[in-house]
Amino acid sequence: MLAARYLAGYPPELIAQAEQLRLDGRLADHLDRRLPERHEVRSDSALFSYVNELKTRHLRNAEPLNSVNYDAKLRVLQHALGTHTRRTQVQGAKLKMRREIRVATLFKDAPAALLRMIVVHELAHLRELDHNKPFYKLCQHMEPDYFQLEFDLRLYLMNQENPA
Ligand SMILES: [Zn+2]
């Protein structure tokens, strides 16, 4: 059952409902209705501005990001929905932290709400490395609908693998 893989950890009733939507060929319509709005964040520079705008609004005191880009090699679920790295670079005698946010290329064409959700997820990692309670609180602070959108994202990915 495809839904079980994308929705691991969700209640069995929800998984069964999602699987039924898929089997009935109604998943794509369901997603279009829930997430009709598209976005125009198509390039790495547009993504950089988009991420920094959200960061300025919600995490004003977080350190600056060194790079933000779309990454075609990123597999979303395997990387717990995105990736965030802190690389320590040696520069002369100083140690410098490099903060990078990479977003899977599939989000270039995804609904606006899903791009926002994934960026919120990555920004929250600037404060919290793990997927713990404070992490999800911060996600919800930046995007009140965070949990619903994470669920929608899983449905979206499921539909990409096996479209109706
Ligand atoms: Zn994460």
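Helix 5 and helix 7 are roughly perpendicular to each other, a class that covers angles of 65 to 115 degrees, whereas angles under 35 count as roughly parallel, over 145 as roughly antiparallel and the rest as oblique. The structure is a predicted model, in which local features need pLDDT of at least 70 and side-chain atom pairs count only at pLDDT 80 or more, while totals for chains, interfaces and linings use all residues. Residues are numbered from 1 along each chain as its sequence is written. Helices (H or I, at least four residues) and strands (E, at least two) are DSSP runs numbered from the N terminus.

**Helix 5 and helix 7**

- The two axes, which are lines fitted to C-alpha atoms over the stretch in contact, with angles running from 0 to 180 degrees between N-to-C directions, come within 9 Å and cross at roughly 115°.
- The crossing of helix 5 and helix 7 is left-handed, meaning that the near helix is turned anticlockwise from the far one by less than a right angle, clockwise being right-handed.
- Ala113, Leu114, Met117 and Val120 of helix 5 meet Tyr146, Leu149, Glu150, Asp152, Leu153 and Tyr156 of helix 7, where contact requires C-beta atoms, placed from the backbone, within 7 Å.
- This contact has eight nonpolar, no polar and two charged residues, with Ala, Val, Leu, Ile, Met, Phe, Trp, Tyr, Cys and Pro counted as nonpolar, Asp, Glu, Lys and Arg as charged, and the others, Gly among them, as polar.

**Helix 5 and helix 6**

- Helix 5 (residues 112-124) packs with helix 6 (residues 133-142) at an angle of about 135°, their axes being 9 Å apart, and the pair is therefore oblique.
- Helix 5 passes helix 6 in a right-handed crossing, and the residues of their contact divide into seven nonpolar, one polar and no charged.

**Nonpolar core**

- The largest nonpolar core has 33 residues, and Leu114 and Met117 have the most contacts inside it; such a core is a set of buried Ala, Val, Leu, Ile, Met, Phe, Trp, Tyr and Cys residues joined through C-beta atoms within 7 Å.
- Helix 5 gives the largest share of this core, nine residues.
- Not counting residues up to four places away in sequence, Leu114 touches Leu35, Phe107, Leu149, Asp152, Leu153 and Tyr156.

**Val68**

- Val68, in strand 1 (residues 67-71), is buried, with 22 other C-beta atoms within 10 Å, where 20 or more count as buried, 12 or fewer as exposed and values in between as partly exposed.
- Leaving aside neighbours within four places in sequence, Val68 is in contact with Asp44, Leu47, Phe48, Val51 and Ile101.

Note on methods:
Contact = placed C-beta atoms within 7 Å.
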